[in-house]
Amino acid sequence: MPGLRLGSIAPNFTAETTHGVLNFHEYLGDSWGILFSHPDDFTPVCTTELGEVARKEPEFKARGVKIIGLSANDIASHDRWIKDINEVGNTTVNFPIIGDKDRKVSTEYDMLDALDPTNVDAKGIPFTVRDVFVIDPKKVIRLKISYPASTGRHFDEILRVIDSLQIGDKYRVTTPVNWQKGDKVIVHPSVQGEEADKLFPGYETVKPYLRFTKDPSTKA
């Protein structure tokens, strides 16, 4: 389904993965989720990326986030390549990776590369770019980022955005530029008057539209 936007419902699918056949929505359950694609197995940038995701999986789990990877390789290729990822990254890949050889899921999520003429298989069919979809427990797409095949992702930034989304949902705040968990946050514009005083006592007003308060998620 090309044209997926923030706020779209993440399309459901059933696919072969390194953990067997999975229904995407059932796999996510009531959790947050990350669906991320990589161009090809046994390639340098992808090997470093999946090793990093494996190392950071406990951090995603701590935020209630389930991970699932995808590329247009088959499961046998994934299984062989995971051994390299574990060796090179000194880690263990525990999350499932979809074998999307027929490009069914990657087409539905508009992941196929239209930029890099070298990011193709032996038949000249495009591989995927480095897409990331963050999906909330209601199956709503809350973040989508596309990186070119040549550029590895910064997964600390993905964690940062998840932190921002989760505290925003819970506490009615937004987060400023370069925000990190524990930094001051911004009172949401919809919170005004007595409600703002009650929810965020002592908040700092810089401009009527810009009000800072302590990160409420760090309160004891």
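What follows is a short walk through this structure, from the whole chain down to single residues.

This is a predicted model, in which local features need pLDDT of at least 70, side-chain atom pairs count only at pLDDT 80 or more, and totals for chains, interfaces and linings use all residues. Residues are numbered from 1 along each chain as its sequence is written, and side-chain values use heavy atoms, with hydrogens and water left out.

Start with the whole chain. Its C-alpha trace spans about 65 × 35 × 30 Å along the principal axes. The secondary structure comes to six helices and 11 strands. These are DSSP runs numbered from the N terminus: helices are H or I with at least four residues, strands are E with at least two. Of the 220 residues, 47% count as buried. Buried means under 20% relative accessible area, exposed means over 50%, and partly exposed lies in between (1.4 Å probe, protein chains only).

The chain is divided into domain 1 (8-152) and domain 2 (172-213). These bounds come from an automatic or database domain assignment. The centres of the two domains, taken over C-alpha atoms, are 35 Å apart. Contacts reach along the sequence too. Among contacts between residues at least 6 apart in sequence, 65% join residues at least 24 apart. Contact means heavy atoms within 4.5 Å.

Now turn to strand 1 (residues 14-17), where A15 lies. A15 counts as buried because its relative accessibility is 9%. Leaving aside neighbours within four places in sequence, A15 is in contact with G20, V21, L22, I98 and V105. A15 and G99 are 84 residues apart in sequence, yet 7.4 Å apart in space, C-alpha to C-alpha.

Next comes C46, in helix 2 (residues 44-62). An unreviewed UniProt entry lists C46 under "active site". UniProt positions follow the numbering used here, feature names are shortened, and annotations may be inferred rather than shown by experiment. C46 has 1% relative accessibility, so C46 counts as buried. Beyond its neighbours within four places in sequence, C46 is in contact with H38, P39, D40, W81 and R130.

C46 also belongs to a helix pairing. Helix 2 and helix 3 (residues 75-89) pack at an angle of about 70°, with axes 9 Å apart. Axes are lines fitted to C-alpha atoms, for helices over the stretch in contact, and angles run from 0 to 180 degrees between N-to-C directions. Helix 2 is therefore roughly perpendicular to helix 3; that term covers 65 to 115 degrees. Helix 2 brings C46, T47, L50, G51 and R55 to the contact, and helix 3 brings W81, I85, V88 and G89.

Most residues other than glycine have a negative phi. D110 has a positive phi, near 55°. D110 sits in the loop between helix 4 (104-108) and strand 6 (130-135), and is partly exposed at 45% relative accessible area. R172 has a positive phi near 60°. R172 lies in the loop between helix 5 (155-171) and strand 8 (173-174). With a relative accessible area of 32%, R172 is partly exposed.

The walk ends at Y203, in the loop between helix 6 (193-199) and strand 10 (204-207). Y203 is partly exposed, because its relative accessible area is 22%. Not counting residues up to four places away in sequence, Y203 touches V187, A196, D197, R211, F212 and T213. Y203 and K214 are 11 residues apart in sequence and 7.8 Å apart in space, C-alpha to C-alpha.

Note on methods. Parallel < 35°, antiparallel > 145°, perpendicular 65-115°, else oblique.
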